[in-house]
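Have a look at the rings and at the ligand site as you read.

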Amino acid sequence: VEELVSVRARGLRSSAIRDLLRLAEDPAVRSLAGGLPAAEGIPVERLRTALERALAVPGRYGPTGLQYGPTEGLAPLRDLVAARLRAQGAPADATDTIITTGSQQGLDLLGRALCDPGDVVVVEDPSYLGARQALSAAGARLHAVTADDGGLRTDVLAEHLAAGLRPKAVYVVANFQNPAGTTLALERRTDLADLADRYGFVVIEDDPYGALRFAGSSLPPVRSLGDRVVTLGTASKLLAPGLRVGWLTAPAALVAPLVRLKQAADLHTATLPQLVVHDCLGDEAWLAGHVAGLRTLYAARADALCGALRLRLGERLAWREPQGGMFVWGRLRADRDADVLLPISLRHGVAFVPGSAFTDDPAGRACLRLSFASLTPPELVDAVERLAESMEDLGDARPAGS
Ligand SMILES: Cc1ncc(COP(=O)(O)O)c(C=O)c1O
């Protein structure tokens, strides 16, 4: 039946890198590849209490958490999500807020709500693989705009817009970007919101990592600076990704189309985890302590990774010290090829994601994404040791075309 597979689904073939990274699931491999939150950061006991309480929430037709629910999500959770965004200075109302099945579903719905086949969406270069996939699957043509230490180069975007580029949307991870770890500078946030007004596109501001800041101070959400901004959030990095609870707050005109698409996709996000998330995120005193614990945990891991990199790979790799989130983005000096390095590293028992997974720019092949989230500090030190050994085996391989 292969000939029956749609063109759209055929376009989403698994990449060679993905196939290779399956090897990273071997327990003997130290994986710097995954985007999994720390096991120690998942508040299992608090979730157990929340689950017990959730099962006891009564509804008209039996426990609310075990019945069908509204497509938009449960009202108390929508209220809470909107209140949390308002507390960051952005306008938000429960009626503009939809609970989604992870923020990944939000990206899928937004792609389909905004894009007809061939419509342009601007992404940062490099950009989150899952967003690239969701937007491409919706038929969008991705237009990558260069990014640096301050995130998306809004001056370069402005030039492209002035030259005639007309995107439906610009997708950014403004805090601790996946994969580059960078944060969008304040003046660029303002520029982006202004450009959205001037050229009539939507900004998709995806913020799974903003709460995980362990250095520096927070910047205002892009949504606080303009009217054409959708902000996405998730419980995945705060509580647990297996809950599959995310959310988005959108300009009013987008809410009804998004809800219609969501209804067709899954009727609604599972009600039991929505109640669990509401219970935990609504418990402000507990949440403050929990988030402080996550920041300490990730700060120690980022420190361990960067310290080991300095010690063992300072000559071979350049990277930015992260201020939050889960990722360090490295560049192999002398343009060594991370795609070539990966199979060698796997033989040495360490995995990472090569930069080529996040960009079409051949220069990305000199880059690699290292996640410090799911390994302990001693494991991180060991992983860097293995990486250093594999780099010794790499020799002189350079990216094709460089
Ligand atoms: C930038 C970004 N957006 C969205 C997601 C998807 O998260 P969720 O578990 O909420 O679907 C991730 C997951 O790693 C991510 O890094």
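The structure holds three aromatic pairs, where rings of Phe, Tyr and Trp (its six-membered ring) pair if their centres lie within 6.5 Å. By plane angle, under 30 degrees counts as stacked, over 60 as edge-to-face and the rest as tilted. This is a predicted model, in which local features need pLDDT of at least 70 and side-chain atom pairs count only at pLDDT 80 or more, while totals for chains, interfaces and linings use all residues. Residues are numbered from 1 along each chain as its sequence is written, and side-chain values use heavy atoms, with hydrogens and water left out.

**Aromatic pairs**

- Phe 214 and Phe 372 have ring centres 6.3 Å apart and planes at 65°, so they form an edge-to-face pair.
- This pair links distant parts of the chain, 158 residues apart: Phe 214 is in the loop between strand E7 (202-206) and strand E8 (229-234), and Phe 372 is in the loop between strand E14 (367-371) and helix H13 (377-394). Helices (H or I, at least four residues) and strands (E, at least two) are DSSP runs, numbered from the N terminus.
- Phe 214 is partly exposed, at 22% relative accessible area, whereas Phe 372 is buried, at 0%. Buried means under 20%, exposed over 50% and partly exposed in between (1.4 Å probe, protein chains only).
- For Trp 329 and Phe 358, the ring centres are 6.0 Å apart and the planes at 75°, so this pair is edge-to-face too.
- Trp 329 lies in strand E11 (residues 327-332) and Phe 358 in the loop between strand E13 (353-354) and E14, so the pair ties together parts that are 29 residues apart in sequence. Both Trp 329 and Phe 358 are buried.

**A charge over a ring**

- Arg 46 has its charged end over the ring of Trp 286, 5.3 Å from the ring centre. The criterion is NZ of Lys or CZ of Arg within 6 Å of the ring centre and within 35 degrees of the ring normal.

**Ligand site**

- Of the 14 residues around the ligand (a heavy atom within 4 Å), Ser 103, Asp 206, Tyr 209, Thr 234 and Ser 236 come nearest.
- Helix H5 (residues 102-114) gives the largest share of the shell, three residues.
- The protein covers 92% of the 400 Å² of accessible area that the ligand has on its own (Shrake-Rupley method, 1.4 Å probe).
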